[in-house]
Each structure stands twice: as structure tokens, then as C-alpha cells.
Amino acid sequence: MARIITITSGKGGVGKTSISLNLSLALAEKGFKVCLFDADLGLANVNILTGIYPEKDMASVISGQFSLKEIMIKDFGGIDIIPGSSGIEQIADLTQTQTGTLISAFLDLDDYDFFIFDTSAGVSAQVLSFCMASHEIILVATCEPTSLTDAYSMLKVLSKYNYKNPVKVVINQVKSGKAAQKAYNRIKQTAGRFLSIPVEPLGIMAADKNVQAAVISQTPFFQLFPDTVATKCIQAITNRLLEKSKMVSDIPLELFWDKALRFLDTHYSGKKTSKKEQQRKEASTQVVVHSHDIDPELQRQLTVFDSKITAMANDITIIKQMLKQNKSPQRKILPKKNPKIQKVSRIKNQVQDQFSNRIPDKALDQKPDQKPGPAPKVSHKSVTLDFEAWYKKRKQS
Ligand SMILES: Nc1ncnc2c1ncn2[C@@H]1O[C@H](COP(=O)(O)OP(=O)(O)O)[C@@H](O)[C@H]1O
Ligand SMILES: [Mg+2]
């Protein structure tokens, strides 16, 4: 029996992988047995952050070729890592035999105290199935308006599927305590007003240059910079997670998979659907907060563009930094100037310029007198703000 936590976000590049990996290490340091499941399909995934490039992944477990233990990266700083890679894409499309193989593969594993799922950005079928099967979700957002809107979109989808447990929010890349507080309050108030999904604060992560330095060194910041503010924030988040442990129940891993796969079967019944049809279904569940005067399809495309471009920009930054230091990421290297990306970026900018003043987020920017319901009270004290101490210290030094 393990605590199963899925780490998610609406938008890419907000710090899910950094938080997943370093939180796992922090839990292991406290003596817990932790397994990190790398379900991030992006380039800047756990491989990049650890410098480990496994040859086998979940795909070979699904095909029955290897056991989970055989593909697992054992004892990386005290944690075990399951490389999801291409296997994750297959999860929404398993045959009955493969489903059985996958579930029984998890029966073979040792007991873990924590199972942490690092997911890709956005509301894909796989990400949703992990979320819906988890007892705990950590939603990562930054203070940027687009990140907050996308975090809200994610909550909206979870709420639509009746997710009932409180979603734990982490505000990342925070530059001031006030901004973090404001960002959290926006999520909390909007979710409280429009959705039936409870939200609670888990903590904040300060913007810290050492996080990027650690990415370039391919060593987690928790190991490389034990005294840096990001490590302190992760420790505060870890303590808070452990404080709450009495309130959550452990579930057997095979039950998690059973729930996740059943969710896919029920809501994405196109096990044999074409990729196009699958994308259409994903798009239709990707609930976006529309304004009155914007074509919903245009708004949806903007959100998708935005997430993809942010993720690509992050990947490119990391690769550039690595190349500068003569460190090859050893895997797919993005072309230097991809005309498709440039075109998408140009279109996105044009459309955004055109509508920049007309895309108020209906829910997030709702004025109090337009109220569809009473706003919930948010206790400012309830947010974990270790950041204040850090901020004072930084000012002194
Ligand atoms: N607290 C932080 N301070 C500074 N940079 C950060 C912080 N958290 C994440 N980053 C940077 O943001 C980028 C994206 O982080 P990552 O964890 O890969 O996001 P995601 O998994 O959500 O796509 C990385 O280059 C990382 O170094
Ligand atoms: Mg990631």
C-alpha cells in the first residue's frame, strides 16, 4: 500500500518534473521508500534532470518482454525510477491482454511508501486517468496569468469527472510572497466559486537560479545545493505532505492501475480509435475558460499553442545551455530553427496581439458584482509561506 500522488499542471514548463524528482528525494531522505514514475513525454523529463538515459521503458513491460523491476532505475539517491517514455502513449490504447500484463506487473513490485507520478503538461487522456486514479494530486502553477488560467482549466476537467479529494496547490517560481499569495487566492477563489472541487495550499517554491544550474549539471538541486532556497521550499512541502498523512489512505498500486485503465475505457472508449479521433476527444475534454466574445475554438487553439510553445521554449533553453557546456542531451535534439515552430509562434503572436485586450478569463477575471455565487473566504494564513524567511535572508545578504 502506498500514497499515490500525481503531479500535474495545466501549462507546461511550470516545474512539475523538478518538483516531482526533488520531492521524491526529500521523502527518501526522511526514510520513506519512494518510486518515481516518469510519465512525462516531454524532452525535459527525469532523464534530463538526472543524466540517466534508460534503454528499456514501460513499452517493453506492456509487451510482456520485461518486468517492471528489470526496467527500473534502482536507488538513484535513494529512490527508484520507472521510465515511462513511449509506454505512456500506449496506455490509452491497450488491448485486454496488455491491460492484464500491466496490472500484474505492478503486483510484482516491492512495497513503497510513496508512488509519485510526474506527468506531461495538459489534459491528455493519460494524465487525466492518472489524476482520477490517484488519491492525491499536486497541481503546480506559477504566478503567470496563463498558468493560472490553465490550472483552472485542469481543475475544471477534474471537477467535471467528479474528482472529490482536495487538490494540493504548489505555486512555483515565486518572486515575492505577495505574488504567491495572490496567485493561490485566485485559484482558490475561482475554483470555490465555479467548481465543486476543493483546493488547498501545499506550499510555494521560490524562483531560484540554482534550479536551472542543477538542470544543466543533470543533478537534482536537492543533492547539488542542499542549502539553496529551492531545497528549503521542497523540505517545507515535504513536511507539509507528511503532516497530512493521517488524512489520506494508502491504496494498493494494482487498484490504482485498475482505476486508471477503467477511466480510459469508460471515457476514452476509442481503444481502437484513430489518433485523429483520439485528439478530437481529448480536445473536447480540454475545457477552456471562454470569454463571451471569443470563438471557443480559437481560444482552445491558443491555449494548446501556448502550452506547446512554452514546453518547446523550455526544451530549447535547456539544450542550448547544455550545448554551451558541451553536454549533449544524447537524445532527440530539436532542429535549431524549425520553420513549423516559428510559423506557429508567429501565428500565435498575431492572434494574441489581435485579441490581447479581449481575452479576459471569464472566470478568473469575474468582477464581484457579476457573481454567480458567493466567493469562498480564503485564509491568507493558511498558505505555507516559508518564502518570507528566505526573502528577508536574501535581502540581508
Ligand atoms: N523554482 C524554480 N526556479 C527557477 N527555475 C525553475 C524553478 N522550477 C523550475 N524551473 C525551471 O523551469 C524549467 C521547467 O521546469 P520543469 O520541471 O521541466 O517543468 P515541467 O515539468 O512542468 O515542464 C526548467 O528549466 C527549470 O529549471
Ligand atoms: Mg516535465
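Modeller: Two strands pair if DSSP finds at least two bridges between them. Strands (E, at least two residues) and helices (H or I, at least four) are DSSP runs, numbered from the N terminus. This is a predicted model, in which local features need pLDDT of at least 70, side-chain atom pairs count only at pLDDT 80 or more, and totals for chains, interfaces and linings use all residues. Residues are numbered from 1 along each chain as its sequence is written, while chains are lettered from A and ligands numbered from 1 in the order in which they are written.

Colleague: How many bridges join strand 1 to strand 6?

Modeller: Strand 1 (residues 3-8) runs parallel to strand 6, joined by 4 bridges; I5 stands opposite E136 of strand 6. Strand 6 also pairs with strand 7 (residues 167-174), again in the parallel sense, over 4 bridges, and A141 faces I171 there.

Colleague: Which elements make the β-α-β unit, and what is its hand?

Modeller: A crossover is right-handed if, with the strands pointing away from the viewer, the path from the first strand over the helix to the second runs clockwise. Here strand 6, helix 8 (residues 145-160) and strand 7 form such a right-handed unit.

Colleague: Are the faces of strand 6 covered or open?

Modeller: In a regular strand, side chains alternate between the two faces of the sheet. A residue is buried with 20 or more other C-beta atoms within 10 Å of its own, exposed with 12 or fewer, and partly exposed in between; C-beta atoms are placed from the backbone. In strand 6 (residues 136-141), 6 of 6 residues are buried: E136, I138 and V140 on one side, I137, L139 and A141 on the other.
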